[in-house]
Amino acid sequence: MMKNIFIFGVSSLMLAVPQGLLAQSDTTFVAVGNPIVKHKFIADPAAMVHDGKMYIYGGHDECPPPKEHYDLKEWCVFSSSDLKMWTEHAVPLKAKDFSWAKGEAWASQVIEHEGKFYWYVTVEHETIPGKSIGVAVSDSPTGPFVDARGSALITNDMTADRSKSYWDDIDPTVFIDDDGQAYLYWGNSQCYFAKLKKNMIELDGPIIPVDLLRFTEAPWIHKRGDWYYLSYASEFPEKICYAMSRSITGPWEYKGILNELAGNSNTNHQAIIEFKGNWYFIYHNGGINPTGGSFRRSVCIERLYYNEDGTMKRIQMTTEGIY
């Protein structure tokens, strides 16, 4: 089957592609500089490597200009074997695919476990006030995905003893440690973690608060060598800070700022991942002119480098990106 191929080098070309067109079937495009996706607004990127490809998952910002509010109904997925030629796949999951949810496709992450792909998402609960975390499952990294539980994994009332916030249960990230144990981290204003059972859709133990300096939201766990890294959005407008530990459960030592304010987006959300021997920092900004901004965000990629002591070098945000 022939694929459509587009080259997006300048933002004006975005106007030539009808909104939503590329969500109907696999379509290939060439990324030129940052943002890498210029034909639609994608926020809260999460990344996964599988079978020689990088997959980026993100929510579709649909707020019509000049309005300013979060309007996300679905998540999108993009894949590449070289980070230059990308394929956008048909929309694999929508917020309302969870029958117990009102909607709102906020931040999420996909992870592979024993041949299946689990997608942990933030949505608005239909009957329990506040944000909730659900999990969908698929046999393919590009879906289709279906609700794996028929109910929320985390609801707002489960963390009421620590935080009274309406949206403290957002931004899930999952990490499977070397011994096979999976951990779920999440939070806004307060970070939490809990173990997951082997089926990946149930908690295996208590919810444990994590105290992090200047924590706002968007936790992301990765490991390099013997070090675990917990990066997160800090303060508001948001920058990315990080902490390090010798254990997935901490204690975490604060290491400072990793990525500064984007300037054109109040929020900052990151994924950190190794791909073909190099490390990458994937984030969003509001860099598509003329209507990009805090509610119409876009995915960018930069190379990530480490110091000899294991700390990470500060990210330099660029228009050129990795190209």
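These legends describe close-up views of a predicted model.

**View 1. Tyr55 and Tyr57 form a stacked pair.** The structure holds 18 aromatic pairs. In this one, the ring centres of Tyr55 and Tyr57 are 6.5 Å apart. Their planes meet at 25 degrees, so the pair counts as stacked. Both Tyr55 and Tyr57 are buried. Ring pairs join Tyr55 and Tyr57 with Trp75, Trp119 and Phe145 in a cluster.

**View 2. Tyr70 and Trp106 pair edge-to-face.** The centres lie 6.0 Å apart, with 65 degrees between the planes. Tyr70 sits in the loop between strand E4 (53–61) and strand E5 (72–80). Trp106 belongs to strand E8 (residues 101–113). The pair links distant parts of the chain, 36 residues apart. Tyr70 is partly exposed, at 33% relative accessibility.

**View 3. Charged side chains lie over tryptophan rings.** Lys131 is over the face of Trp106, 3.9 Å from the ring centre. Arg246 is over the face of Trp227, 3.6 Å from the ring centre.

View 4. Pro251 is in the loop between strand E18 (239–245) and strand E19 (253–259). Pro290 is in the loop between strand E21 (278–285) and strand E22 (298–304).

**View 5. Asp44 and Arg214 have positive phi.** Phi of Asp44 is near 55 degrees. Asp44 lies in strand E3 (residues 41–50). With a relative accessible area of 10%, Asp44 is buried. Phi of Arg214 is about 65 degrees. Arg214 occupies the loop between strand E15 (208–210) and strand E16 (215–224). Its relative accessible area is 31%, and Arg214 is partly exposed.

Methods:
Residues numbered from 1 in each chain as written. Predicted model: local features only at pLDDT ≥ 70, side-chain atom pairs only at ≥ 80, totals over all residues. Heavy atoms only, no water. Phe/Tyr/Trp six-rings, centres within 6.5 Å; stacked < 30°, edge-to-face > 60°. Buried < 20%, exposed > 50% of the residue type's maximum accessible area, 1.4 Å probe, protein only. Helix = DSSP H or I, 4+ residues; strand = E, 2+ residues; numbered from the N terminus. Lys NZ or Arg CZ within 6 Å of the ring centre and 35° of its normal.
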